[in-house]
Amino acid sequence: MLPGLAMFGLLVIIPVAAAIYFSFFQWNGLGGPPGVSQTSSWVGLGNFTRAFSDSVFRGDLWRGFVLMVLSLTIQLPLSLGLALLLHEKFPGRTIFRLLFFAPYVISEVITGVLFGVILRQEGGLLNEVLRSVGLGSLIPVNGWLGTQSILLFVAFAVITWKYFGFHMIIYMAGRQNIPRELTEAAMTDGATPWQVFRHVTLPLLGPTIRVTIFLSVIGVIQLFDMIFVLTAPNFGGPGHAAETMAITMYRHGFQRFEVGYASAISVIMFLICLVFALGYIRFVMRRDIEGAVTTVGGR
Amino acid sequence: MSHIPSSRRTTVAASAPVPGRVATGRPPGTGRPPATGEGMALRRRRQRWRNARLATIAGVTALVVIVIPIMFGVIGGFKDPGQLQNNPLGLPSPWNVDNYVGILSEGRFWRNTFNSLFIGLATVVLVVSASALAAFMFARYAFRGREVLFMLFAAGLMFPPAVAVLPLFVLLREIGLLSSPWGVILPQAAFGLPLTIIILRTFFRGIPAEIEESAVLDGCSTFGVFWRIMLPMARPALAVVAVLALVTSWNNFLLPLLVLISERDWWTLPLGVQQFSSQYGQDTARVLAYTMLATVPALAFFFVAERQIVAGIAPTVGTKG
């Protein structure tokens, strides 16, 4: 128990606490901890007011919200549909399952680099395909990765490519737990496939869906790798079009050495996660918690 | 009753040379449920026929969405820059193996792979050994503050590493672990603890207490129970958490980027790929070759350990569903 506790305390709890402490200072990260360092000065909540008046950071919050909505309305239903399809028995479904799940083990960096090439303006796969089928007019003048108004959606598409198999696997596991008798009974009673889905499968998948929503939102909050690589070298994209909180934090903390300000951004990320997680667990997942692996408080 | 038309349709379906036939080709009269059950069976057959069509759709989608981008990368690696620019869709002519051969004969790629492997395995050993004992105690011993302590660990699930990475960086700098692989290994292990402990605790709880009790009666010590009974029994669960921790470490980018960027000899694969792609940005074919080679270990591992990966992800869903 002790080694685990020591590791957890030193490398998880203390850094999170330190982020809170740092966030009250203006500090370039040098000359000892803030408060001691000559280069630091106490600014109280100054970093936080700065963040909320910074148009880039406010944009991060908005973009995070957009990504979250897109994930919940497009990515998750897509994964669910696919999971239900692959639940049915047909030849080759094991292979499809493996195929759809494979992108999950490919790192975000590799996915980002690969799609950077696929989406590039000249000699990219997507544009060549579009031109060869006569849809060349769809190609944006500045390219898929260079057009501010669509970059966030392009990034979302790539994120979906990597993660929909992950959610699909979770849904498939949830679907397998639904006893066959239930769907069969409904069908015997003359329910259409849609009715079976709507009134039997979907409600019984409720706990599973609620978990994937949770994972999806937490994932969006800390999104970094994919955006960093996909929008390189101008990470965040032109005009911060696909910038996330973690990228803004990185820019200020590790490039401009505004450690206090970057810490404030970390703390805001942390608070968003915390409030979301506690609220979600308390109000949405309450009934599901019993018996789940994530049982909190024990039985 | 709509039996007749549906049975006709099934006959047509079953005689058509579709893959679904194997599944539906049950000899008539064997093990068929009576009366309404028959309608059910027919209905299920009809559905399977529809599924065969759906399977085709799924297959085509999988091909277009998953296979083509990856094949584009793999084949692109066999082109020279001119070919990739002028003929992105077609096959390379001639096939140019220089990119792959060049990368494989340089030390850099192997060094990246070795580093990823070393950092991953060290993380796994640390996180699993630290978690197993803790999970065992959480599962089996009542001690003061147990629930509070467990809540603390469980709460760790809500801390995305990105939140702590900045002070972690400062801390690692102070204790001299910057530019050292341990600066990546130790924090990764620490952030892996919550999930590992939770999964293992659940598993240990499922082991019947009688087994332990009889071991104790036979004179086994507490640690003996853990070491000789619980750990061997938990082997499947240990495999799951180990695989999960390895995949997470293997794909980690932000922490290695911050800690190891100035230590080229310790770059991991993701860091190596990112650096390679910014260094050789003009030579896209070469970048593709490097990137695709970097996916090989992950994909190979995936096909071997798919079951453990799935088992590690799926139970987060709650086995009681």
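1. Helix α12(B) is largely enclosed by the rest of the structure, because 13 of its 17 residues are buried (20 or more other C-beta atoms within 10 Å of a residue's own, with C-beta atoms placed from the backbone). This helix covers residues 235-251 of chain B and reaches 24 Å from its first C-alpha to its last, close to the 24 Å expected at 1.5 Å a residue; the expected span is 1.5 Å times one less than the number of residues.

2. The model is predicted: local features need pLDDT of at least 70, side-chain atom pairs count only at pLDDT 80 or more, and totals for chains, interfaces and linings use all residues. Residues are numbered from 1 along each chain as its sequence is written, while chains are lettered from A and ligands numbered from 1 in the order in which they are written.

3. Between the chains, 84 residues of chain B are in contact with 85 residues of chain A (C-beta atoms, placed from the backbone, within 7 Å). Helix α3 of chain B (residues 36-76) supplies the largest share of chain B's side, 17 residues. That side has 59 nonpolar, 20 polar and five charged residues (Ala, Val, Leu, Ile, Met, Phe, Trp, Tyr, Cys and Pro count as nonpolar, Asp, Glu, Lys and Arg as charged, and the others, Gly among them, as polar).

4. Within chain B, helices α5 (residues 98-105) and α15 (residues 284-313) pack at about 55 degrees, their axes 9 Å apart. Asn99(B), Tyr100(B) and Ile103(B) of α5(B) make the contact with Ala285(B), Arg286(B), Ala289(B), Tyr290(B) and Leu293(B) of α15(B). Six of these residues are nonpolar, one is polar and one charged.

Definitions and conventions:
Helix = DSSP H or I, 4+ residues; strand = E, 2+ residues; numbered from the N terminus. Buried ≥ 20, exposed ≤ 12 C-beta atoms within 10 Å, placed from the backbone. Contact = placed C-beta atoms within 7 Å. Axes fitted to C-alpha atoms, helices over the stretch in contact; angles between N-to-C directions.
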